[in-house]
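Please look over the sequence and the structure, then continue with the notes below.

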Amino acid sequence: KPFSQLLVIEFFSGTGGFAAAVRKLGMTQSLGVDAHVTKQVKAPIIRINLAETTGQCLLWKILDNDNVVAIHMGPPCGTSSRAREIKKGKRYNPPPLRSNAHPDGLPTLSGVALDRVTTANRLYLLCSEIMAWATQRGIMASIENPLRSHAWDTSHMQKHLVGLQLHEVVFHHCMYGATRRKRTKLLCNHRCLLPLALQCDNSHDHEGWGIAPTGQ
């Protein structure tokens, strides 16, 4: 097939930076999928809420395309962030929603917090399912999240990954121009992403981590 007809799909795309980069390489049919579409998008984005059943049904229709050659997924990590474990004063704000002992969600959760965790778990399960589906069909796929994100340890993310031959790629963002020594993990089904695993060589300065005077 002509290179220009090959399709890469970026799920949870945000502004679609990944899809935009792939389009510049010549795969101009590539696009993003996200529940929110802003004016700052860098590539065509289809607005789909993947936490809903109707949205997931539409997703599988999109994937039923012979031109799909790669899939990238960056599910939201807000409920799984380790930043929630940092105290501001004597309390957590926002509070932790997961822990090492309870990566699927703290047993004390209720109300909005429980709803947020349940939604995130549904998305992690979907990522796991897509990865298995793509791997079985020889389609390149990758999942991205912070290295220490609780998302990786949830039963939902793990459910469909058992038995798959996958690769872990861990890199520091500062080696690619970012200002902080942040580590991200890519879980992928193809070795071609292994060279991305650059660890900080300490040849540059880093911005610090912590709470700003504004409380952020």
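Is Glu207 buried, partly exposed or exposed? Glu207 has a relative accessibility of 42% and counts as partly exposed. The model is a predicted one, and its main features are grouped by topic here.

**Fold and overall form**
- The protein contains 4 helices and 9 strands, arranged from the N terminus in the order β-α-β-β-α-β-β-β-α-β-α-β-β.
- Its radius of gyration is 18 Å, close to the 17 Å given by the globule rule for 216 residues, so the protein is as compact as a globular protein of that length.
- Along the principal axes, the C-alpha atoms occupy a box of roughly 60 × 45 × 40 Å.

**Burial and surface**
- Buried residues make up 39% of the 216 in the protein.
- The accessible surface amounts to about 12,200 Å², and carbon and sulfur atoms contribute 53% of it.

**Charges and salt bridges**
- There are 25 positive and 15 negative side chains, with the centres of the two sets 5 Å apart.
- The salt bridges number 3.
- Glu168 pairs with Lys185, with the closest N and O atoms 3.2 Å apart; Glu168 belongs to strand β8 and Lys185 to strand β9, so the pair ties together parts 17 residues apart in sequence.
- Within this pair, Glu168 is exposed at 54% relative accessible area, whereas Lys185 is buried at 9%.
- Arg180 and Glu207 form another salt bridge, at 3.5 Å from N to O; Arg180 sits in the loop between β8 and β9, and Glu207 in the segment after β9, 27 residues apart.
- Arg82 forms a salt bridge with Glu85 at 3.7 Å between the closest N and O atoms, and Glu85 is partly exposed at 31%.

Key
Residues numbered from 1 in each chain as written. Predicted model: local features only at pLDDT ≥ 70, side-chain atom pairs only at ≥ 80, totals over all residues. Heavy atoms only, no water. Helix = DSSP H or I, 4+ residues; strand = E, 2+ residues; numbered from the N terminus. Rg over C-alpha atoms; globule rule 2.2 N^0.38 Å. Buried < 20%, exposed > 50% of the residue type's maximum accessible area, 1.4 Å probe, protein only. Areas by Shrake-Rupley, 256 points an atom, 1.4 Å probe, with all protein chains shown as cover. Lys, Arg positive; Asp, Glu negative; His and termini not counted. Charge placed at Lys NZ, Arg CZ, Asp CG, Glu CD. Salt bridge = Lys/Arg side-chain N within 4 Å of Asp/Glu carboxyl O.
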